[in-house]
Amino acid sequence: MAQETADAASGVTLPRKSTWNWHPELPLQDHSVFNLKRGPVAALKVLWGSWLPISDRLIVVAVSFLTWFYLSPSLETAQAFAWDWVAAVYFRNLALMLLLAGGMHLYLYTFKRQGNYLRYDARPFHKKSALFTFNSQFRDNVFWSVASGVTVWTAYEVIGLWAYANGFMPVMEFASSPVWFVLWFVFLPVYGVFHFYWIHRLLHWGPLYTHVHALHHRNVNVGPWSGMSMHPVEHIGYLSSVLIHLVLASHPVHFIFQLQQKVLLAVSSHAGYDAVTAGEGSDKGLKVGDFFHQLHHRYFECNYGEPEVPCDKWFGTFHDGTEEATAQTRARLKEMRRK
Ligand SMILES: [Zn+2]
Ligand SMILES: [Zn+2]
């Protein structure tokens, strides 16, 4: 699908064939729910398509219900901190991380089950580079995802369950508010994108970038383990969108869903592939990748949010994949470095 040079109809220059191994149709369009020019019907279709018939976030809803019903302490237990249930939450989260990131890495990069099919950037990961902890991109990414990622994720979850159990966070039951109960699942990911845009912009501010966010940006080319490879301060900021539950009533399953959605979908969206398929050339698969964010890893000062809430479009930092957007982004980067 790699294309070259001028697209006469739209007057833009598409990247050279060598820039990407594969990319979606360019320039990227604003398909968000908030693109009011296309009218409410198109917006609803976008929303529908982001969930059904099957999507990564629908799978996370299922995982969060299974987690709440079978793999979580009761609120009665969570009333007081105790090592046994805290450790159980930690090891369950560790298992989820190992299963997803480890499984995707094995499938896509160790056994190469779909070759370079639908892979954005076919360059190999760094095996020996002083830039990375332990001189290896893979080991660096596993270390930060587990040592910091799983720990901060678990800390938020444990404190959240304790807060519900002790009445510090308002609880909503399905029986009393079934409509709100369902709508929360739709609203939370959208709110998460809005929150991410602002946290991420802050992380690109001089000292915070140098001391914190540069760790995630060691990865110009990304794999599943890169998604949650962040500095602990970034993990705390990135997952802080769950603080919304302090003021709006929700059920613990919403809280668990929101954390899992932020963590597990960060892993899958950094897969480096647009979709995980049944094999090379197969059109059966699950869309996981995020070319919009892949552009952020390649060019830095663009696409701070996610396409779903087009803050980048509203605030002039949108990279649509064209050479013109690359030139603008490079100029912005130069300007920021001069300050
Ligand atoms: Zn960044
Ligand atoms: Zn990233």
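Biologist: Leaving aside its neighbours within four places in sequence, which residues is Val-263 in contact with?
Modeller: Two residues are in contact if their C-beta atoms, placed from the backbone, lie within 7 Å. Set aside the neighbours of Val-263 within four places in sequence, and its contacts are Gly-149, Trp-153 and Met-228.

Biologist: What kind of model is this?
Modeller: Residues are numbered from 1 along each chain as its sequence is written, while chains are lettered from A and ligands numbered from 1 in the order in which they are written. Local features need pLDDT of at least 70, side-chain atom pairs count only at pLDDT 80 or more, totals for chains, interfaces and linings use all residues, and the model is predicted.

Biologist: Which residues touch the most other members of the largest nonpolar core?
Modeller: A nonpolar core is a set of buried Ala, Val, Leu, Ile, Met, Phe, Trp, Tyr and Cys residues joined through C-beta atoms within 7 Å. A residue is buried with 20 or more other C-beta atoms within 10 Å of its own, exposed with 12 or fewer, and partly exposed in between; C-beta atoms are placed from the backbone. The largest core has 34 residues, and those touching the most other members are Trp-153, Leu-239, Leu-259, Val-263 and Val-267.

Biologist: Which element gives the most to this core?
Modeller: Helices (H or I, at least four residues) and strands (E, at least two) are DSSP runs, numbered from the N terminus. Helices H3 (83-110), H4 (137-165), H5 (178-203) and H8 give two or more residues each. With nine residues, the top contributor is H8.

Biologist: How many residues of H8 are buried?
Modeller: H8 has 18 residues and reaches 25 Å from first C-alpha to last, close to the expected 26 Å. That expected span is 1.5 Å times one less than the number of residues. H8 is largely enclosed by the rest of the structure, because its buried residues number 17 of the 18.

Biologist: At what angle do the axes of H3 and H8 cross?
Modeller: Axes are lines fitted to C-alpha atoms, for helices over the stretch in contact, and angles run from 0 to 180 degrees between N-to-C directions. The axes of H3 and H8 come within 10 Å and cross at roughly 10°.

Biologist: Which residues of H3 and H8 make the contact?
Modeller: The two helices are roughly parallel. Angles under 35 degrees count as that, over 145 as roughly antiparallel, 65 to 115 as roughly perpendicular and the rest as oblique. From H3 come Leu-96, Leu-100, Ala-101 and Met-104, and from H8 come Leu-264, Val-267 and Ser-268.

Biologist: Is Phe-292 buried or exposed?
Modeller: Phe-292 is found in helix H9. Not counting residues up to four places away in sequence, Phe-292 touches Leu-28, Asn-303, Glu-306 and Pro-307. It has 21 other C-beta atoms within 10 Å, so Phe-292 is buried.

Biologist: Which helix is among those covering the buried residues of H9?
Modeller: H9 (residues 291-299) has buried residues including Phe-292, Leu-295 and His-297. What covers them includes helix H8.

Biologist: Which residues does Pro-24 touch, not counting residues up to four places away in sequence?
Modeller: Pro-24 lies in the loop between strand S2 (12-14) and helix H1 (39-49). It has 15 C-beta neighbours inside 10 Å, so Pro-24 counts as partly exposed. Residues up to four places away aside, Pro-24 touches Asp-274 and Phe-291.
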